[in-house]
Amino acid sequence: MKKSFISRRAFKTLALNLVVWIFALAWMLPFIGLVAVSIQPYREVVVKGWVRVPDLSSLTLNNYIEALRNPLYDLATGYRNSVIVAFLSSLILVVAAALTAYAFANLDFRLKALLFATILFIMMVPQQLTVVPLFLLYRNLGLYNTFQGVILLHSAWGIAWVTFFLRNYLRFIPRSLVEAARVDGASEITIFYKIILPLSIPALIASFIMQFTWVWNDLFYALVFLASRDKQVITQKVVMLKGEFHIDWGLLTAGSIISMSTPLILYVVFNRYFMRGVAAWGVKR
Amino acid sequence: MTSAFLKLDRVTRRFRNVIAVDKVSLDVGKGELLVLLGPSGCGKTTTLRIIAGLETPDEGRVYIDGVDVTDMEPGDRDVSMVFQDYALYPHMSVFDNIAFPLTVRRGKLRLSRRDIEERVLKVAKMLRIEELLDRKPPQLSGGQQQRVALARALVREPKVWLMDEPLSNLDALVRMQVRAELKRLQKDLGITTVYVTHDQIEALTLADRIAVMNKGRVLQVGSPKDVYENPEHVFVATFIGAPPMNILECKATKEILECPGFSKPLPPSTRGLQGKLYVGIRPEHIEIVSISKVTKEDVVEARVYVVEPLGSEYIVNAVSGGEIVKVRTSRELLLSPGDTVYLKIDWSRASVFDFESGRSLGKLLKALVS
Amino acid sequence: MIIARSFSHTPPWGALVHNLVWVALHVPIVTFLGLIIAYLLKYHVRGSTIIKAILFLGIVIPPAVGGLIIRFMFEADIGIVPILFSYVGVESLSKTWTLYPQTALLALILGSVWLWLGFSVTVFAAAMETIPRSHIEAAKVFGASTWQTFYRIVAPQLKPAITVVVVMTLLWDLKIFDIVYASTGGGPGGSTTVLALVMYNYFARALDYYRSAAVAVILTLVVIPFIVLIIRRERG
């Protein structure tokens, strides 16, 4: 027979659930507001606010269109540029990562620990430190304000952290697999393609996604190294949507959503990879 | 039976579409040690957790000392539990671990720090771990950790003491020592205890009564002697006893009981059972005889499959009619696989079980006559 | 709030102070809140995977956009914080927080708590996975309350994870740039300027590469002790 009253402990569980869920929903409010404001003309929002059920007839995508098309804002170009820079930086990185995986599987050099410490150090140092000399160097090399320059920079940065990142992922591939293949007579290339590569695929996918997201989200390097309008990436452009004295929030919210769409989609699809990477910080070896 | 100190009334618990605990009713007397025995997945641990309050039953009620505790929090039930992995907190000292049940309820129980210290020392002495009080659990051996877990469970002098396979992580030797001590401890303290295990030897040695469970149901509750000699279900018969009871698929007709490899004539005046049956005979109720001793009629001819020496005795696995029959003997016979042996069955000890349900139909000879 | 003139030729101590205030507020709040939420999610609440995934959004989006959203959150009439305060009747806090020196930095810091919470919750949740369930159940059976179980059993075993969260958040707060640049640009009146921003302004606005590099070095020096700490932990 089901109990007809709520026991004290069921009540406590219910209360805690309620508190946490309300918190989570409250946490989401800014995003909800973002969407709400982006699909209405701003002049309406100014008057009536967005904390209400919107008038369906006034819903519009104008803000988005404006953000993307208007040459003053030109988010479309920004989007394209971000895709180019992020994609190429990640591609280069994955190739480097694959080779690093090979090194891990085969080599066991004395300085490994020192190498890791150095890499970790490099990862943590502020981006600001190397930027001034790099800028001057790029200017001399003609790499300033070019995609190549930025891609190179992101790739180099990425190789450092991916080495560290892969170490956790690849620890579990036993050396004996490679050695057994060698004993059986497989060539190094075969070993690479047939054993190491397939086993590293989850790690490589994760690396690609993390790098892509990181490069896409970057603002500082873009500000320093990409100056002309046709080269600027989306993070730069969306920040420019904010006027000095007056802010058109319809435009800004739409622009924000456009610029976060890509990392968001990646996150929804590859959710596991994102969270696993961060969660690893919490677990002791 | 004494009036029940701990009572389960038709407790049921489902997980998705699986019935983990199926209308289980149990009465445990004050000071009694009841063992829940069964294979993994039989529902014994879930039942224990329901008593503890870590699970809530979908149906049924739980009573402790007359109080309906079914909806109460575990902490309010005045029970104690020893977990299979001991659940000792690695960052606290042994003393703090043992004191934990007291310190978290210090206000409610109105205990001073001195009181707590006293109780912890008392219990530590009982379990002979006084020198370990300053150490931390990771520094202790398995056996020591176990004692700490026991101490912690006793420090509050609970109404019911619950144990979830506490000995399974110990080495065989340590396990036997602790088993004996545990039994003594429980008797001395007189705390009502429910003990879960899949090891039937543990059950037989420790229990005042055993509740044999399978697939969420309690098949039989009885003293170790009862459960051993009068199993009420073929499952109980085979689960208890090592090596397990021999179960033979037989067919009874008016004149003859046909079993694998042999038949036994029945007295002409029997009405009795007909059709397919399970006949059960324990390995120690079969004797190996030399052919010259008895007439051929009373004896089953079988081929040796393998002999397992156990030090003071031997388990002879013999094949009769395609089925293996295990025989226990202390005589040192020089048998090899393939040899022919003659088995004399003590039919007065044989049990018979219903073929469909597995329920016991009593001792064979009686059942046939009734 | 201390006002630092970003084009003055004095060392950027005002900005550094802002970074330190940021650390002083952000780190404790994010750590405690993260611990409590991770604990509740693990042991008491259904649908924890979804909630964790939602909170994690804060780290997935570009920090620059994060800054814009923070600006949005504190904007008069359309930001949820001013709206809340206007309902409650506190007039002074229903204006745009980021336009006033007294509230601008606080707005950014609170916004960064909102943004960064997903990180601490995820790290703590992962660390809590390593605590056997029996520990919690034993505590329950022995009568510990929810809070006692959290405080005496779970939290002490999370010390390494807490260290990670504290140091990573601290580093992030000292290096912060995108959020400030996108939302306030350091204003109003320099009340939200931070070290990295000072460096950038020297570089891009004043074209003063020497001073820019100098600030970058200062920033690095401030950060180094904590980097060493993390490296030690990872190696040990």
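This is a predicted model: local features need pLDDT of at least 70, side-chain atom pairs count only at pLDDT 80 or more; totals for chains, interfaces and linings use all residues.

Reply: Residues are numbered from 1 along each chain as its sequence is written, while chains are lettered from A and ligands numbered from 1 in the order in which they are written.

Me: Why is A:Asp74 called buried?

Reply: The rule counts other C-beta atoms within 10 Å of a residue's own, with C-beta atoms placed from the backbone: 20 or more is buried, 12 or fewer is exposed, and in between is partly exposed. A:Asp74 has 20 other C-beta atoms within 10 Å, so A:Asp74 is buried. A:Asp74 lies in the loop between helix 3 (62-69) and helix 4 (75-106) of chain A. Helices here are DSSP runs of H or I with at least four residues, strands are runs of E with at least two, and both are numbered from the N terminus.

Me: What is the phi of A:Asp74, and what makes the value worth a mention?

Reply: Phi of A:Asp74 is near 55°, a positive value in a residue other than glycine. B:Glu165 gets a mention too, with phi near 45°, again a positive value in a residue other than glycine.

Me: Is B:Glu165 buried or exposed, and how do you know?

Reply: B:Glu165 has 20 other C-beta atoms within 10 Å and therefore counts as buried. You'll find B:Glu165 in the loop between strand 7 (160-164) and helix 6 (172-189) of chain B.

Me: Why does C:Thr130 count as exposed?

Reply: C:Thr130 has 12 C-beta neighbours inside 10 Å, so C:Thr130 counts as exposed. C:Thr130 is in the loop between helix 5 (101-129) and helix 6 (133-141) of chain C. The C-alpha atoms of C:Thr130 and C:Gly190 are separated by 45 Å, and the two are 60 residues apart along the chain.

Me: Which peptide bond is called cis, and what goes with the label?

Reply: The cis peptide bond joins B:Ala242 and B:Pro243, and omega is about 0°. B:Pro243 sits in the loop between helix 9 (234-239) and strand 11 (246-252) of chain B.

Me: What makes up the secondary structure of chain B?

Reply: Chain B comes to 10 helices and 21 strands. Its C-alpha atoms fill a box of roughly 80 × 45 × 35 Å along the principal axes, and of the 370 residues of chain B, 39% count as buried.

Me: How many helices and strands does chain A have?

Reply: Chain A has 13 helices and zero strands. Of its 285 residues, 36% count as buried.

Me: How does the radius of gyration of chain A sit against a compact globule?

Reply: The radius is taken over C-alpha atoms, and the globule rule is 2.2 Å times the number of residues to the power 0.38. A compact globule of 285 residues would come out near 19 Å, but chain A has 25 Å. The C-alpha atoms of chain A fill a box of roughly 75 × 75 × 30 Å along the principal axes.

Me: Why are helix 3 and helix 5 of chain C called oblique?

Reply: Two packed helices are described by the angle between their axes and the distance between the axes. Axes are lines fitted to C-alpha atoms, for helices over the stretch in contact, and angles run from 0 to 180 degrees between N-to-C directions. Under 35 degrees is roughly parallel, over 145 roughly antiparallel, 65 to 115 roughly perpendicular, and the rest oblique. Helix 3 (residues 63-73) and helix 5 of chain C pack at an angle of about 120°, with axes 9 Å apart. Helix 3 and helix 5 of chain C are therefore oblique to each other.

Me: Which residues of helix 3 and helix 5 of chain C meet?

Reply: Contact needs C-beta atoms, placed from the backbone, within 7 Å. C:Gly66, C:Ile70 and C:Met73 in helix 3 meet C:Ala107, C:Leu108, C:Gly111 and C:Leu115 in helix 5 of chain C. By class, that contact has five nonpolar, two polar and no charged residues. Ala, Val, Leu, Ile, Met, Phe, Trp, Tyr, Cys and Pro count as nonpolar, Asp, Glu, Lys and Arg as charged, and the others, Gly among them, as polar.

Me: How many residues do chain C and chain A bring to their contact?

Reply: Chain C brings 57 residues and chain A brings 54 residues. Helix 11 (residues 209-235) of chain C gives the most to the chain C side, with 12 residues.

How values were computed
Two residues are in contact if their C-beta atoms, placed from the backbone, lie within 7 Å.
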